[in-house]
Amino acid sequence: MPGDDEGRFRDKLIRTKESWARAGRLLTGQTSDPAQDRLPPGQRLVTDFPVLDLGVQPNLPPEDVRLGLDGLVAVPVRLDWAALQALPREAFRNDIHCVTQWSRYDNDWDGVPVSSLLEMVRPKDEARFVSLEAHDGYTTNLAMEDFARPENFLAFGWAGRPLERQHGGPMRLVVPHLYFWKSPKWLRRIEFLSEDRPGFWEVRGYHHRGDPWLEERYG
Ligand SMILES: Nc1nc2c(c(=O)[nH]1)N[C@H]1C(S)=C(S)[C@@H](COP(=O)(O)O)O[C@H]1N2
Ligand SMILES: [Mo]
């Protein structure tokens, strides 16, 4: 249970971000091409790794981690830590772009490609979206073509160490081609859907897709 102060902090943070969305804050009105500009419009490069969440960072011992994949799939599964660790791991390197304007280059991750998860559950033809749910109650949505990209992965490690709790450890999703709010920390469920289901920030004025090079921050 969040304390009163924590609740007030959280409400204020949410209201501030909602009002930014209404005002179109940070919009430059420009678009660019990732093949030409590594830094998307309106972004600023940082070298630290900022932490953004709703003020609650669930404490999940690995033995309590479960990932459910269900909805419109041929084979629904609920993977425990051992099952997740048994999946083939790969090294990934990418840039992060947060809608609050910071970008961070060359993040080195250790993770399981989303393609391995898709092979396991085999989404039905009607599955056109996913809804992603996290242990802090956070949700976000992706279209299948954005979710199924080969560069997306479940992250377990960052910079050669286990992923820290504040960045979503023991496990988060990483979707590098979209703003970082599409990468849920402390992921616990992936539901395959025929219709889009906007998530936490999407119902509060954020864009449903969130492409940084098209500056899809809000709307
Ligand atoms: N579970 C969960 N995932 C989340 C969030 C959150 O509040 N809860 N915030 C999102 C937002 S808005 C951003 S910018 C990134 C921040 O990730 P970081 O703290 O590792 O930088 O996580 C995203 N994933
Ligand atoms: Mo964010």
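This is a predicted model: local features need pLDDT of at least 70, side-chain atom pairs count only at pLDDT 80 or more; totals for chains, interfaces and linings use all residues.

Reader: What makes proline 50 a polar contact of ligand 1?

Author: A polar backbone atom of proline 50 is 2.7 Å from an oxygen atom of ligand 1. A polar contact is a pair of N or O atoms within 3.5 Å, so this pair counts. For serine 183, a backbone N or O atom lies 3.1 Å from a nitrogen atom of ligand 1.

Reader: How much of ligand 1 does the protein bury?

Author: Alone, the ligand exposes 530 Å², and the protein buries 99% of that. Ligand 1 is surrounded by 22 residues, with Pro50, Asp136, His167, Arg172 and Lys185 the closest.

Reader: Why is a set of residues called a nonpolar core?

Author: The name applies because its members are buried residues of kinds such as Leu, Ile and Phe, joined through side-chain atoms within 4.5 Å. The largest such core here has 30 residues, and among those touching the most other members are Leu69, Phe147 and Phe192. Helix H3 (114-121) is one of the elements that give two or more residues to this core. H3 supplies the largest share, 4 residues.

Reader: Which residues beyond its sequence neighbours is phenylalanine 147 in contact with?

Author: Leaving aside neighbours within four places, the contacts of phenylalanine 147 include Val114, Leu118, Leu173, Ile190 and Phe192.

Reader: How do you know which residues the domain annotation covers?

Author: An unreviewed UniProt entry gives "domain: Oxidoreductase molybdopterin-binding" for residues 58-201. In the model, that span is 12% helix and 41% strand.

Terms used:
Residues are numbered from 1 along each chain as its sequence is written. Chains are lettered from A and ligands numbered from 1 in the order in which they are written. Side-chain values use heavy atoms; hydrogens and water are left out. Buried means under 20% relative accessible area, exposed over 50%, partly exposed in between (1.4 Å probe, protein chains only). Contact means heavy atoms within 4.5 Å. UniProt positions are given in the numbering used here, feature names are shortened, and annotations may be inferred rather than shown by experiment. A residue is near a molecule or strand if one of its heavy atoms lies within 4 Å of it. A polar contact is a pair of N or O atoms within 3.5 Å; within protein, one must be able to donate a hydrogen and the other to accept it, and residues adjacent in sequence count only if both atoms are side-chain atoms. Accessible areas come from the Shrake-Rupley method with a 1.4 Å probe; for residues, only the protein chains shown count as cover.
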